Amino acid sequence: MKNVSLKDRTIADIDGQVDKVLRGLGNPEPPVDLRLVRDLLKLDRGYYSTTDDSLLRETFSRMKVAGLQVLLRPTILRDAVKSLSLKALYLPDQKRILLDRDLPILKHRWNEAHEIGHDMIPWHIGMMLGDTEQTLTPACHQIMEAEANYAAGQLLFLARRFVEEATASVPSLAYVKSLSKGFGNTMTSTLWRFVEEGHGGRPIVALVTGHPHRSRRKADFDAANPCRYCVESPPFRQRFGTMRETDLFATIVGYCGSQRGGSLGRSEVLLTDLNGDRHVFDFETFFNRHEALTLGYWLRLYNAPVPVRVF
């Protein structure tokens, strides 16, 4: 699944909302403390479990008493959680965020920031848990999620602070890892943010996948959809955006080893742009024993007499 490109006007509006929150926190140093963000926005946080829906049933009861929309569809929350595999929920009428307790703790921070993003974006209020023709369309849902993800990234990575640091060095997974520690976020979310905001005008692409080596793939591996996420920088999208995720995945299969964890390999590879010209990219892949993270960035226009290198 490729990242969604937001309109400039939308980005500017969300940037304004995040800037207001960061100023309210006194423009803090990283990592940002989400407890302080919740206090500032007067948000409450709770947890639910996919194996114990007592909190969800309690929520149904409250929403019936409040006489809200969910009264007409009392199973909407439970259905959404189970059928859509939701990782978190935001209940705007209660100013309450619910996180899936069964997920690893490391994932709670991003999920919470994502739901805070829904709260910060004014036009999302009234659209959450909606069942209008507009909000139920996959395209509308995808855009709303992309907007909340963007807001979460701006908040967790302190807006321009991350951009300035990310563009100050040559791209590499080691550098992404150091940024993830400094800003207190997962390497996956940092990699995403790095490609979208820290590209410095370079074509960069990131993939989040299962283990690419054939001997390490899980039984449910889908060859037609091998990438959990495919994140493109704006320059990459403009020049290489027609490349298929299956082709990018095949590229990393070409150099990745079967190691159980750590670096799976690094290589210079050739990608073809929209004009048919070939370009050399530096690709590297790291496996954290759960998912493979790949970063590829533009090096130069391909000159046939200069061979590509395999590291």
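Contacts, salt bridges and ring pairs in a predicted chain

In the protein chain, 65% of the contacts with a separation of 6 or more are between residues 24 or more positions apart, a contact being heavy atoms within 4.5 Å. This is a predicted model, in which local features need pLDDT of at least 70 and side-chain atom pairs count only at pLDDT 80 or more, while totals for chains, interfaces and linings use all residues. Residues are numbered from 1 along each chain as its sequence is written, and side-chain values use heavy atoms, with hydrogens and water left out.

The secondary structure comes to 11 helices and eight strands; both are DSSP runs numbered from the N terminus, helices being H or I with at least four residues and strands E with at least two. Of the 311 residues in the protein chain, 47% are buried. Buried stands for under 20% relative accessible area, exposed for over 50%, and partly exposed for what is in between (1.4 Å probe, protein chains only). The accessible surface of the protein chain is about 15600 Å², and carbon and sulfur atoms hold 53% of that surface. Accessible areas come from the Shrake-Rupley method with a 1.4 Å probe, and for residues only the protein chains shown count as cover.

Lysine 2 is in the segment before helix H1 (8-24). Leaving aside residues up to four places away in sequence, lysine 2 touches Cys230, Glu232, Gly241, Met243 and Glu245. Lysine 2 counts as partly exposed because its relative accessibility is 24%.

Some backbone details come next. The peptide bond from proline 30 to proline 31 is cis, with omega near 0 degrees, and proline 31 lies in the loop between H1 and helix H2 (34-41). Lysine 42, in the loop between H2 and strand S1 (44-48), has phi near 60 degrees, a positive value in a residue other than glycine. Its relative accessible area is 67%, so lysine 42 is exposed. Lysine 95 also has a positive phi, near 50 degrees, and is placed in the loop between strand S2 (88-91) and strand S3 (96-100). At 30% relative accessibility, lysine 95 is partly exposed.

Charged side chains are the next topic. Side chains of opposite charge can pair when their charged atoms come close. The whole structure has 14 salt bridges, each a side-chain nitrogen of Lys or Arg within 4 Å of a carboxyl oxygen of Asp or Glu. One of them joins arginine 23 to aspartate 19, with the closest N and O atoms 2.9 Å apart. About one helical turn separates arginine 23 and aspartate 19, because they are four residues apart in helix H1. Arginine 23 is partly exposed at 49%, and aspartate 19 is partly exposed at 37%.

Another salt bridge joins glutamate 29 and arginine 161 at 3.0 Å, N to O. This pair links distant parts of the chain, with glutamate 29 in the loop between H1 and H2 and arginine 161 in helix H7 (residues 160-166), 132 residues apart. Glutamate 29 is exposed at 55%, whereas arginine 161 is partly exposed at 28%. Glutamate 268 and arginine 300 also meet in a salt bridge, at 3.2 Å, N to O. Here the link runs from strand S6 (residues 262-272), which holds glutamate 268, to strand S8 (residues 292-301), which holds arginine 300, and the two are 32 residues apart. Glutamate 268 is buried at 4%, while arginine 300 is partly exposed at 27%. Salt bridges that share partners also join Glu29, Arg161 and Glu165 into one network.

Aromatic rings complete the picture. A pair of aromatic rings is described by the distance of the centres and the angle of the planes. The structure has 10 aromatic pairs; rings of Phe, Tyr and Trp (its six-membered ring) pair if their centres lie within 6.5 Å, and planes under 30 degrees apart count as stacked, over 60 as edge-to-face and the rest as tilted. The tryptophan 192 and tyrosine 229 rings have centres 5.0 Å apart and planes at 70 degrees, so this pair is edge-to-face. Tryptophan 192 is in helix H9 (residues 187-197) and tyrosine 229 in strand S5 (residues 227-232), 37 residues apart. Phenylalanine 236 and phenylalanine 281 form an edge-to-face pair, 5.9 Å centre to centre with 85 degrees between the planes. Phenylalanine 236 and phenylalanine 281 are each buried, at 0% relative accessibility. Ring pairs link Phe236, Phe240, Phe281 and Phe283 into a cluster.
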